[in-house]
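Here's a quick briefing on some aromatic rings and a helix. Have a look at the model before reading on.

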Amino acid sequence: GVGGRAGRRPAGALSPREARRGGPSGPPRADLKVGPYVRPSMYRNLQSFLRALEKAGELVRVGAEVDPVLEITEIVQRVQKRQGPALLFERVLGSPYPVAINLFGTARRVELALGAHPREFGERLWRLAEAVNPPRAGSLLREAATVGRLLNMRTRRVASAPAQEVDEPPDLARLPALQCWPGDAGRFLTIPLVLTSDPRTGRRNVGVYRMQILVNLAEQFGRK
């Protein structure tokens with residue numbers, strides 16, 4: 001399945017050099033049409049979305065070992081400029097985990113994720129904002145589908161979750177966090193979801209911050 005590791009490059013996987021060129025046959029055609037409507041509810045998790053991208057020809061596996069310090073982002077920068085595919089780096093130096101990147105680098109992949117063209121999705125949110133200011137029963141009824149999708153985004157309590165499948169002390173050094181640019185202070189989680197809890201009220205908040213992982217790179221990767 002998507003996300004596994006391999007000792008050798010599997011059939012169809014790209015080397016880092018091929019990935020830099022945007023693939024063995026170059027970037028996708030400019031006239032590539034967006035595929036049929038895809039319901040976002042099909043994606044129960046990231047792996048299911050990666051499988052959908054791979055089936056649509058929008059994801060390429062890179063089987064050669066790559067370095068999370070500068071090399072991965074250098075490859076992805078070239079692929080992005082050519083409107084190339086999403087990439088799944090299956091062997092990352094110093095980490096047991098793969099890296100999926102450039103998932104939303106084109107309008108087509110954003111549409112596959114949202115189930116509609118980004119412009120259409122924005123228009124739905126605009127219509128909903130107009131319907132609730134001031135609230136009108138008829139307008140809200142017409143936007144019931146959008147309201148339903150937004151309500152499904154609420155957090156809810158569950159008896160168990162995939163995050164509870166592994167019970168061990170955290171080790172951030174094992175994560176394939178990237179150092180994106182020369183001169184960066186180190187490796188960063190670029191868009192993590194950070195959960196915080198008020199110590200008095202217990203209310204929780206989810207925010208997005210760029211967070212640096214403070215580990216000794218020389219020790220982790222055996223560099224001098």
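Is Phe49 buried or exposed? Phe49 is buried, at 6% relative accessibility (buried means under 20% relative accessible area, exposed over 50%, partly exposed in between, with a 1.4 Å probe and protein chains only). Keep in mind that this is a predicted model, where local features need pLDDT of at least 70, side-chain atom pairs count only at pLDDT 80 or more, and totals for chains, interfaces and linings use all residues. Residues are numbered from 1 along each chain as its sequence is written, and side-chain values use heavy atoms, leaving out hydrogens and water.

**Aromatic rings**
- There are two aromatic pairs in the structure (ring centres of Phe, Tyr or the six-membered ring of Trp within 6.5 Å; planes under 30 degrees apart are stacked, over 60 edge-to-face, the rest tilted).
- Phe49 and Phe104 count as stacked because their planes sit at 20 degrees, with centres 5.7 Å apart.
- Tyr43, Phe49 and Phe104 make up one aromatic cluster.

**A charge over a ring**
- Arg210 lies over the face of Phe188, 3.8 Å from the ring centre (the cut-offs: NZ of Lys or CZ of Arg within 6 Å of the centre and within 35 degrees of the ring normal).

**Helix H4**
- Six of the eight residues of H4 are buried (helices are DSSP runs of H or I, at least four residues; strands are E, at least two; both are numbered from the N terminus).
- Those buried residues are Arg108, Arg109, Val110, Glu111, Leu112 and Ala113.
- Gly115 follows H4 and has a positive phi, near 85 degrees.
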